[in-house]
Amino acid sequence: SALEKIKTDMIRIAAHDLRNPVGVIAGYTQLLEHDLSPVITEKRTKYLTSIENAAKRMEKITTDILSLERIEKIQLQQTERVNMSELITEAFKDNEAQANNKSQRYMINLPLKSIIVQGDDAQLREAINNLIGNAIKYTEERGTITVSLARQDGKAIFLVKDTGYGIPDDQQANLFQPFFRAHTEETSDIEGTGLGLHLV
């Protein structure tokens, strides 16, 4: 446990320190693309795009790690009335382009009447986006993702169902551990931090 805490703390410190240089790399790459656009070759444009994409991936990793830190620091928080129907609709639209890029069947089912809960808008939004994003990422091309909301026994039930690769039974117990990623042959090439479900 002590070693795990040291590792986690070091990763968080690294995430803090990496934010600025990663931002510089991304910023100057965009400037190069703009300044060289009249004369740059197609091959070199691909090089710059690769650098930019790598910087964006690093940015996502640091954001996930720092989100984890923020959530764990929250003690007493003010909750508010949150319209789950609106929140889920917005998250669904935000992730639609990713699903379209993989030619996936991407569907949403909402009740006719909006469902209101008492909660933290920002954290609910982050959790919903992580679950939808995960489903898209771990579902093959032309697969199906269904996002739904329902009311049951005075509770709001939010579901994301997909036809993705699935998770082996012997790895499911660790799913919500920080930095854990299930290892399967189908998902070995998919990039991620192993923080998405822990943040949820």
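We go from the overall layout to the cores, the first helix and the salt bridges.

Trainee: Before I start, what kind of model is this?
Mentor: This is a predicted model.

Trainee: OK. How many helices and strands does the protein chain have?
Mentor: There are six helices and five strands. Read from the N terminus, their order is α-α-β-α-α-β-β-α-β-β-α.

Trainee: And what does the C-alpha trace span along its principal axes?
Mentor: About 60 × 45 × 40 Å. The accessible surface of the chain is about 13,400 Å², and carbon and sulfur atoms hold 53% of that.

Trainee: What share of the residues is buried?
Mentor: Of the 200 residues in the chain, 30% are buried.

Trainee: Let's look inside, then. Which residues of the largest nonpolar core touch the most other members?
Mentor: That core has 17 residues, and the ones with the most partners in it are I88, Y106, I128, I132, V147 and F158. Two or more residues each come from α3 (84–94), α5 (121–137) and β4 (144–152). The largest share, five residues, is from α3.

Trainee: I'd like to follow up on I128. What does it touch?
Mentor: Leaving out residues up to four places away in sequence, I128 touches M84, L87, I88, A91 and F158.

Trainee: Which residues does the second core include?
Mentor: That one is separate and has five residues, among them A15, I65, L66 and L199.

Trainee: New topic: helix α1. How many residues does it have, and how far does it reach?
Mentor: Helix α1 covers residues 2–36, which is 35 residues, and runs 50 Å from its first C-alpha to its last.

Trainee: Where does α1 have a kink?
Mentor: At L18, shortly before the proline P21, with an angle of about 35°.

Trainee: Which residues of α1 are buried?
Mentor: T8, R12, A15, V22, A26 and T29.

Trainee: Tell me about V22. Why does it count as buried?
Mentor: Its relative accessibility is 2%, and buried means under 20%. V22 touches A55, M58 and E59, again not counting residues up to four places away in sequence.

Trainee: How far apart are V22 and N174?
Mentor: They are 152 residues apart in sequence and 30 Å apart in space, going from C-alpha to C-alpha.

Trainee: Last topic, charges. How many salt bridges does the structure hold?
Mentor: Two. In one, R125 pairs with E90, and the closest N and O atoms are 2.7 Å apart. R125 is in helix α5 and E90 in helix α3, so this pair ties together parts that are 35 residues apart in sequence.

Trainee: What about the other one, between R125 and D121?
Mentor: There the closest N and O atoms are 3.2 Å apart. R125 and D121 are both in helix α5, four residues apart, or about one turn of the helix. Taken together, E90, D121 and R125 are linked in a network of salt bridges.

Trainee: What are the relative accessibilities of R125, E90 and D121?
Mentor: R125 is at 28%, so it counts as partly exposed. E90 is partly exposed at 35%, and D121 is partly exposed at 24%.

Technical notes. Residues numbered from 1 in each chain as written. Predicted model: local features only at pLDDT ≥ 70, side-chain atom pairs only at ≥ 80, totals over all residues. Heavy atoms only, no water. Core = buried A, V, L, I, M, F, W, Y, C linked by side-chain atoms within 4.5 Å. Buried < 20%, exposed > 50% of the residue type's maximum accessible area, 1.4 Å probe, protein only. Contact = heavy atoms within 4.5 Å. Expected span 1.5 Å × (residues − 1). Bend = angle between axes of the 7 residues up to and from the residue. Salt bridge = Lys/Arg side-chain N within 4 Å of Asp/Glu carboxyl O. Areas by Shrake-Rupley, 256 points an atom, 1.4 Å probe, with all protein chains shown as cover.
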